[in-house]
Amino acid sequence: MATNETLLGAGFSDPVFQSQTAFRALLAALSEPGQARELAIAVEPPAGLQRATALALLTLADYETPIWLPAALRDGPAGAWLRFHCGAALVEDPASAAFAVIDGAMPEPKLAVFNPGDDQFPDRSTTVIVQCAALTGGEAVTLEGPGIAGTRKIAPSGLRPGFWAELAANGALYPCGVDLILSHGAYLIGLPRSTQILETR
């Protein structure tokens with residue numbers, strides 16, 4: 001008889017080792033903004049989630065961390081996968097989410113609807129995972145800030161018009177503001193709120 005895991009797709013086969021490996025990669029990505037990192041761990045992500053997205057949520061989320069997904073993902077295989085493997089609560093209000101997943105090409109939701117934290121608890125902001133068409137080949141932007149020696153350029157593709165202006169506005173809220181992770185396939189790029197967008201071209 002098929003189990004829930006075989007119906008939904010496998011999560012970690014070695015939860016302790018694999019979650020530690022993924023956590024180190026995520027920490028490195030957020031510590032060195034703009035530097036692509038590979039999450040080279042075999043899982044079976046559900047339809048609608050990039051492998052890096054699924055691994056990040058599998059590593060960071062649990063029953064105490066509400067997750068926001070677009071309705072089509074929340075009500076489909078992705079929502080069922082996260083409930084089963086993470087025990088996560090899926091919320092409809094983006095401002096109440098600890099983690100969120102958005103399609104970078106879609107016009108909504110804007111980054112501003114997620115929780116930026118507050119002066120007393122800036123760490124309670126939402127971490128937004130932005131799924132991209134690719135992490136190269138798009139509009140080039142120049143980054144500056146902690147974890148970057150001088151400046152660094154990235155050019156992810158499949159992002160909506162005005163996305164970088166949204167991110168610049170988010171950076172102006174520092175020490176509040178959301179943290180971002182750009183994902184495609186097994187790779188991700190960290191963009192914490194402390195990262196500044198200097199220019200696009």
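Colleague: What is the mean pLDDT of the protein chain, and what share of its residues reach 70 or more?
Modeller: pLDDT is the predictor's confidence in each residue, from 0 to 100. Here the mean for the protein chain is 89, with 90% of residues at 70 or more. This is a predicted model, so local features need pLDDT of at least 70, side-chain atom pairs count only at pLDDT 80 or more, and totals for chains, interfaces and linings use all residues. Residues are numbered from 1 along each chain as its sequence is written, and side-chain values use heavy atoms, leaving out hydrogens and water.

Colleague: Where does pLDDT stay under 50?
Modeller: Over residues 1-7. A contact means heavy atoms within 4.5 Å, and for that stretch the model has six contacts beyond four places in sequence.

Colleague: How many helices and strands does the protein chain have?
Modeller: Both are DSSP runs, numbered from the N terminus: helices are H or I with at least four residues, strands are E with at least two. You'll find six helices and 10 strands in the protein chain.

Colleague: And how much of the protein chain counts as buried?
Modeller: Buried means under 20% relative accessible area (1.4 Å probe, protein chains only). That covers 48% of the 201 residues.

Definitions and conventions:
Buried means under 20% relative accessible area, exposed over 50%, partly exposed in between (1.4 Å probe, protein chains only).
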